[in-house]
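Where do the nonpolar cores and the salt bridges lie in this protein chain? The report below takes these two topics in turn.

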Amino acid sequence: MHISTCSTRPFKDQRPGTSGLRKKVATFQRDNYLENFVQAILDSQPGLSGGSLVLGGDGRYFNRGAIQIILAMAAANGVARVILGRGGLLSTPAASCLIRKNQTNGGIILSASHNPGGPGQDFGIKFNTPNGGPAPEAVTEAIYRRTREITQFRILDAESVDLDSMGSCQLGEMLVDIIDPVSDYAELMSGIFDFDAIRELFASGEFRMRFDAMHAITGPYARQILEEMLGAEAGTVINGVPREDFGGGHPDPNLVHAHEIVELTRGVDAIDFAAASDGDGDRNMILGRNFFVTPSDSLAIMAATATMIKAYSNGLTGVARSMPTSQAVDRVARVLGFDCYETPTGWKYFGNLLDSNRITLCGEESFGSGSNHIREKDGLWAVLFWLNLLAIRRVSVADIVRQHWRDYGRNYYTRHDYEGLDARDAAGVVQHLQQQLDRLPGTRYGHFTVEFADEFAYTDPVDGTHSSHQGIRIGFSKGSRIVFRLSGTGTEGATLRVYLETYEDNPDKQDLPIAEVMAPLVAIAEQIGEIAKRTGRDGPSVIT
Ligand code: G16
């Protein structure tokens with residue numbers, strides 16, 4: 001078969017964001033846009049030539065076309081073997097699992113995660129390293145540098161591969177193994193959790209659950225694990241067929257976009273437990289009857305109860321959370337006596353901590369949690385963790401959370417997103433905040449006094465990599481905080497995120513309406529950030 005070497009010119013905008021390169025589908029379909037980025041991965045990761053690669057995506061529009069291009073390029077660049085999910089499908093956690101299990105030289109995952117899909121929507125690509133995790137900054141920067149100097153790419157002139165037939169085939173010199181996307185991941189889960197206990201919970205007839213796959217990648221995974229392996233009733237998984245446009249929805253498991261499942265937890269006939277996952281299956285939302293568990297609380301509860309779960313019964317070495325995530329897990333770590341790390345936003349920052357066994361669990365406010373079982377956050381893993389906990393405790397989700405608050409205090413938490421801002425306006429808010437950092441400490445706002453104000457920077461304790469400009473932190477007495485940062489995952493304009501947190505240790509005040517509790521901090525955020533004046537918005541687009 002013939003290998004073509006094609007001339008190309010660099011694009012300026014191929015620097016990966018928080019999690020890979022995410023752009024509109026039309027951008028990826030421009031001449032050579034995808035090809036340049038893929039060639040930059042292949043050029044900058046020497047292990048791939050002669051090595052092996054895991055490949056798959058969340059099934060969104062352009063997934064199949066992109067897979068064919070990547071296969072032909074991998075073959076032309078000397079990759080020896082590609083492990084591909086049938087239909088070109090792999091959830092992000094399953095891809096991480098396969099990279100580790102097969103000890104490949106990395107993986108390419110096609111997804112724009114929770115962003116909508118379809119011809120007019122988003123697409124994305126990211127490279128995961130041999131530990132199974134998202135490439136750290138040094139690697140993404142090397143890929144980016146290569147995209148800036150690229151002049152040619154190599155591609156095999158070959159027939160398309162039949163993505164839907166399992167088994168092995170040859171593409172030029174390269175072996176393509178098409179595997180069931182679910183089975184290795186399902187096997188991993190069955191080794192972590194007590195499937196017998198969860199089966200008994202479902203068999204008891206006293207427990208009703210629904211899982212919303214949002215027409216995204218987790219449908220087949222959830223069906224096999226929850227309904228087939230654990231005996232949950234048929235129909236437990238809703239919106240379980242992956243679609244290229246996610247059924248026209250926005251596959252982001254939060255109270256706004258996953259309202260269908262939220263509704264099922266409300267009213268007289270409410271179900272006991274509900275959960276949802278996102279486009280590529282790494283996020284999770286946990287709900288009880290009339291009850292929403294914030295991702296930050298979920299992480300803290302997991303840390304506090306982990307020894308009840310088979311895989312973590314020997315205890316945790318430590319935990320980590322991204323900087324804007326609430327400090328609820330810090331309190332657990334202090335009481336139980338393990339380390340707690342604060343990292344920048346982005347799962348890639350947990351990789352070294354997990355690899356060096358400094359932490360066992362980690363999580364983020366952005367509906368992500370995970371453990372050392374893989375190197376990505378893992379939506380279904382979190383759901384199974386909660387199911388296992390419920391199977392052991394046999395109390396409601398709300399009871400578990402309220403008991404946790406009584407034991408550790410409650411970190412009230414909310415996030416306000418201002419989406420689709422003019423990039424200069426958003427940068428203007430950040431600049432305005434930067435200019436005030438020196439003079440804010442000591443300033444009083446009602447009951448709140450600023451204790452510190454800084455721009456978060458992180459030095460990785462394992463390899464010393466330094467990451468600066470990771471968000472503005474304003475800390476008040478008694479652990480209250482306001483954090484401002486710009487999202488690194490959007491594809492249109494800029495998104496300003498404002499994260500608000502306040503701590504309450506009085507059990508009589510732990511069940512108040514969140515909007516009421518947060519109102520003073522919301523006002524302070526506006527006062528300090530001048531968001532309305534600088535962006536023309538009189539309120540956030542999404543509150544979670
Ligand atoms: C990605 C990252 C997460 C991050 C989230 C939000 O998640 O993997 O670590 O917390 O984006 O990032 P930002 O606030 O910059 O938009 P996902 O699920 O989109 O891959």
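## Basis

This is a predicted model, in which local features need pLDDT of at least 70 and side-chain atom pairs count only at pLDDT 80 or more, while totals for chains, interfaces and linings use all residues. Residues are numbered from 1 along each chain as its sequence is written, and side-chain values use heavy atoms, with hydrogens and water left out.

## Nonpolar cores

The largest nonpolar core has 71 residues (buried Ala, Val, Leu, Ile, Met, Phe, Trp, Tyr and Cys joined through side-chain atoms within 4.5 Å; buried means under 20% relative accessible area, exposed over 50%, partly exposed in between, with a 1.4 Å probe and protein chains only). Helix H13 (residues 379–393) supplies its largest share, 11 residues (helices are DSSP runs of H or I with at least four residues, strands of E with at least two, numbered from the N terminus). Because domain 1 (2–181) and domain 2 (185–408) both give residues to this core, it lies between them (bounds from an automatic or database domain assignment). Apart from it lies another core of 44 residues, including Val25 and Leu110.

## Salt bridges

The structure holds 35 salt bridges (a side-chain nitrogen of Lys or Arg within 4 Å of a carboxyl oxygen of Asp or Glu). In one of them, Glu376 pairs with Lys126, with the closest N and O atoms 2.7 Å apart; these partners are 250 residues apart in the chain. Glu376 is buried at 1% relative accessible area, and Lys126 is also buried, at 9%.
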